[in-house]
Amino acid sequence: MGTGKRGLIATAVTVIGAVAVLAAPGTAFAAPSPTPSPTASPTAVTNRDIEAVRTQLDALYHDAAVATDAYNAAEEKAEQQSAQIVALAQKIVKGQEKLAKLKARAGAAAAAQYRTNGLPDGAQLVLSDDPQEFLDGTRRVLQGQRATKALITELTRTQQDLKQYAADASAQWTRLEDNRKAKATAKKRVEQQIAAAEKLESQLEEKEKKRLAELEEQAAHQAQTAWLDSGILKDISGRASEAGKAAVDYATTQIGKPYEWGAEGPKSYDCSGLTSQAWASAGKPIPRTSQEQWKQLKHVDVKDMRPGDLIIYFDDASHVAMYLGDGAIVHAPRPGRTVTIAGAGSMPILGVVRPDA
């Protein structure tokens, strides 16, 4: 990481009173070792199995993250389909206006024929004795035939287009309604899982909550330490692109703001809301959800990642964070937490994607 970036992250960390990050060149981010509580002993936390509670909470919040991704995907699709329906409606209006003009032209042609006593140009041509009039009439007949053919062709095509636009709009309405239902189902699932997690936490006594927090810190610390001990950082030396620096700047500026599922800022974020908005601010729009970011963006090896790249977590790509360099990430963790800096290896890594490949 460059000097400017170190200053940026150091400033962001200072804002939340965290330990200094990237204090010296080559210093990897290591999650601070949890400080054991004087009261943290098996007998001090009742007989409740806090570790089992932590596992259950992790599962509930993970399910909520998966449902949040489904909700965000349905919302994004609904927005796209709404825009397509509007575009089709505009095409239908223009098509109807065009059809009205074509019918008016056809009506004018019929009126012209009526003014010549109902005789078509060809019949009048046969009745003519003047050679020049005959030649002029021939040209008029040919021009009229071509014009009539073109008019009929255009009328037919316009009517077919209108029919297709109407069919497309109907199909889009059906898809939109399906996505609204999917969105409602996902919303209900998110709220159920978060409510269950909050209820579980609310049943804990204060000393149990403290012990739970210690166990969460220990688990993150152990995972980050194991990741660093693998020697992974010795192979990671990529420098951020200009767009990557801008994305990192945006993401770190959001530190301390609360997690809120489905949120894209500016007051709160979910995990993919943070990363998608950070890259949008850098002039590189990316998919809204972590799963689509994993599917659509270019994959890079962990050893090749650079600041600004996105690390996708868990086998189902249900979480995403932005890599800062030196083993650190910035992310929106889960309900009840705020945007923060953490160890890149503190969760199971699925892979890395690069928005500006």
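## Reading a sheet, its ring pairs and its salt bridges

Mentor: Let's start with the sheet: in this predicted model, 6 strands form an open sheet in the order E1-E6-E2-E3-E4-E5, with antiparallel pairing. Its edge strands are E1 (298–300) and E5 (340–343), each pairing on one side only. On average, neighbouring strands are turned by 40 degrees against each other, direction ignored. Such angles run from 0 to 180 degrees between N-to-C directions, with axes fitted as lines to C-alpha atoms, for helices over the stretch in contact.

Trainee: Which conventions apply to the model and its numbering?

Mentor: Residues count from 1 along each chain as its sequence is written, and side-chain values use heavy atoms, leaving out hydrogens and water. As the model is predicted, local features need pLDDT of at least 70 and side-chain atom pairs count only at pLDDT 80 or more, while totals for chains, interfaces and linings use all residues. Helices (H or I, at least four residues) and strands (E, at least two) are DSSP runs, numbered from the N terminus.

Trainee: How many bridges join E2 to E3?

Mentor: The general idea is that strands of a sheet pair through backbone hydrogen bonds, either parallel or antiparallel. Two strands pair here if DSSP finds at least two bridges between them. E2 (residues 310–313) and E3 (residues 319–325) run antiparallel and are joined by 4 bridges. Leu 310 has Met 322 as its bridge partner in E3, and Tyr 313 has His 319. Between the two strands, the hairpin has 5 residues, and Phe 314 takes a positive phi near 70 degrees there.

Trainee: What joins E2 to E6?

Mentor: Again 4 bridges, with E2 and E6 (residues 349–354) running antiparallel. In E6, Val 352 is the bridge partner of Ile 311.

Trainee: Which way do the side chains of E2 point?

Mentor: In a regular strand the side chains alternate between the two faces of the sheet. In E2, Leu 310 and Ile 312 point one way, Ile 311 and Tyr 313 the other way, and all are buried. Buried means under 20% relative accessible area, exposed over 50%, and partly exposed in between (1.4 Å probe, protein chains only).

Trainee: Which helices pack on the sheet?

Mentor: Contact here means heavy atoms within 4.5 Å. Helix H7 (residues 271–281) packs on the sheet, touching E2, E3 and E4, and its direction makes about 50 degrees with that of E3. Helix H7 is mostly covered, with 8 of its 11 residues buried; among them are Leu 274, Ala 278 and Trp 279. Just after H7, Gly 283 takes a positive phi of about 85 degrees.

Trainee: How many aromatic pairs does a search of the whole structure find?

Mentor: A pair of aromatic rings is described by the distance of the centres and the angle of the planes. Rings of Phe, Tyr and Trp (its six-membered ring) pair if their centres lie within 6.5 Å; planes under 30 degrees apart count as stacked, over 60 as edge-to-face and the rest as tilted. The search finds 2 pairs. Tyr 71 and Trp 261 are edge-to-face, at 4.9 Å centre to centre with 80 degrees between the planes. This pair links distant parts of the chain, Tyr 71 in helix H2 (residues 50–115) and Trp 261 in the loop between H6 and H7, 190 residues apart.

Trainee: Why is the pair of Tyr 250 and Tyr 269 edge-to-face?

Mentor: Because the planes of the two rings, Tyr 250 and Tyr 269, are at 90 degrees, with the centres 6.5 Å apart. Tyr 250 lies in helix H6 and Tyr 269 in the loop between H6 and H7, so the pair ties together parts 19 residues apart in sequence. Tyr 250 is partly exposed at 21% relative accessible area, whereas Tyr 269 is buried at 0%.

Trainee: And how many salt bridges are there?

Mentor: A salt bridge is a side-chain nitrogen of Lys or Arg within 4 Å of a carboxyl oxygen of Asp or Glu, and the count comes to 16. One of them joins Asp 63 and Arg 189, with the closest N and O atoms 3.6 Å apart. Asp 63 sits in helix H2 and Arg 189 in helix H4 (residues 131–202), 126 residues apart.

Trainee: Where do Glu 216 and Arg 337 lie?

Mentor: Their side chains meet in a salt bridge at 2.8 Å, N to O. Glu 216 lies in helix H5 (residues 206–229) and Arg 337 in the loop between E4 and E5, so this pair ties together parts 121 residues apart in sequence. Arg 337 is partly exposed, at 30% relative accessible area.
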